[in-house]
Amino acid sequence: MITLYHCDAARSFRPLWMLEEMGLPYELKMLPFPPRVFAKEYLALNPLGTIPFMVDGETKMTESSGICHYLGIKYGPTPLMVGSEDPAYGAFLNWMYFSDATLTFPQTLVLRYTQLEPEERRNPQVAGDYAKWFLGRLRAVEAATANAETLCAGRFTAADIVIGYALRLADSIGLAKDFGPNVAAYWARLQQRDGFKRAVAAEQKAGVEQNVAPRVRA
């Protein structure tokens with residue numbers, strides 16, 4: 001049984017969504033956000049104290065997009081993955097890495113300096129600068145979805161899951177109002193997927209059952 005440690009609306013939503021799209025059995029364990037502060041016993045499991053943390057037998061992983069890649073290869077074949085023989089393979093890998101390193105990184109600073117830090121340490125200038133950084137990098141998604149329903153390979157793939165989470169996070173911290181028209185339409189399409197809806201429902205159900213309150217959105 002795969003075990004996924006997850007916080008409401010955190011980047012662990014990527015592997016949660018991947019699990020639902022693939023129909024794999026899993027156990028979802030909810031933690032308050034951020035876990036390092038409110039669940040110190042979690043450090044015994046994951047010394048980084050970060051989310052996600054996935055356990056699959058002897059395999060333990062902490063990187064959200066990497067977990068999605070792992071699941072697709074380990075439990076495939078699945079159309080969610082793009083093989084090395086496919087002309088879109090390079091684009092697929094680029095989106096997988098772009099998702100966290102380029103898109104989610106600046107968002108975490110916006111989140112930190114608008115919501116997570118104590119009032120006296122919040123910094124509108126830092127938040128504003130990194131919001132602009134994120135929106136500038138989002139131009140790549142705007143261009144990619146100008147004439148396509150998905151990012152690559154002519155179908156929905158794990159690349160759409162990992163980039164889609166970055167759009168979900170942007171929505172939750174108040175940046176969706178600045179999406180370009182193509183990104184806005186793409187994000188609307190992603191939210192209509194059954195796998196996305198199941199992942200949201202699983203997140204909400206586990207939060208209620210485990211008595212972990214959802215994070216307050218912007």
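User: Why is Asn211 called exposed?
Analyst: Exposed means over 50% relative accessible area, buried means under 20%, and partly exposed is in between (1.4 Å probe, protein chains only). Asn211 has a relative accessible area of 71%, so it counts as exposed. You'll find Asn211 in the segment after helix H9 (194-209). This is a predicted model: local features need pLDDT of at least 70, side-chain atom pairs count only at pLDDT 80 or more, and totals for chains, interfaces and linings use all residues. Residues are numbered from 1 along each chain as its sequence is written, and side-chain values use heavy atoms, leaving out hydrogens and water.

User: What makes the backbone of Asn211 worth a look?
Analyst: Its phi is positive, about 60°, although Asn211 is not a glycine. Most residues other than glycine have a negative phi, and most peptide bonds are trans. Ala9 also has a positive phi, about 65°, and is not a glycine either.

User: Is Ala9 buried or exposed, and how do you know?
Analyst: Set its relative accessible area of 5% against the cut-off, and Ala9 is buried. Ala9 sits in the loop between strand E1 (2-6) and helix H1 (13-22). Those labels are DSSP runs numbered from the N terminus: helices are H or I runs of at least four residues, strands are E runs of at least two.

User: What about E3 and E4?
Analyst: They pair in the antiparallel sense, over three bridges. Met54 has Met61 as its bridge partner in E4. E3 and E4 form a hairpin with two residues between them, and Gly57 in the turn has a positive phi of about 65°.

User: Why are E2 and E4 called edge strands?
Analyst: The open sheet has four strands in the order E2-E1-E3-E4, with mixed pairing. Strand E2 (26-30) and strand E4 (59-61) each have a single partner strand, so one side of each has no neighbour in the sheet. From one strand to the next, the twist averages 15°.

User: What lies against the sheet?
Analyst: H3 packs on it, touching E1, E3 and E4, and its direction makes about 20° with that of E3. H1 lies across E1 and E2, at about 145° to E1. Contact means heavy atoms within 4.5 Å, while angles run from 0 to 180 degrees between N-to-C directions, with axes fitted to C-alpha atoms, for helices over the stretch in contact.

User: How do you know that the length of helix H5 fits its residue count?
Analyst: The expected span is 1.5 Å times one less than the number of residues. For the 14 residues of H5 (residues 124-137) that gives 20 Å, and the end C-alpha atoms are 20 Å apart, so the two agree. The buried residues of H5 are Ala127, Ala131, Phe134 and Gly136, and what covers them includes helix H4 (89-116), helix H6 (139-144) and helix H7 (158-172).

User: Why is Thr150 called buried?
Analyst: Its relative accessible area is 15%, so Thr150 falls on the buried side of the cut-off. Thr150 is in the loop between H6 and H7, and its side chain reaches the backbone oxygen of Arg155 at 3.0 Å.

Key. Pairing = 2+ DSSP bridges. Polar contact = N/O pair within 3.5 Å; in protein donor to acceptor, adjacent residues only side chain to side chain.
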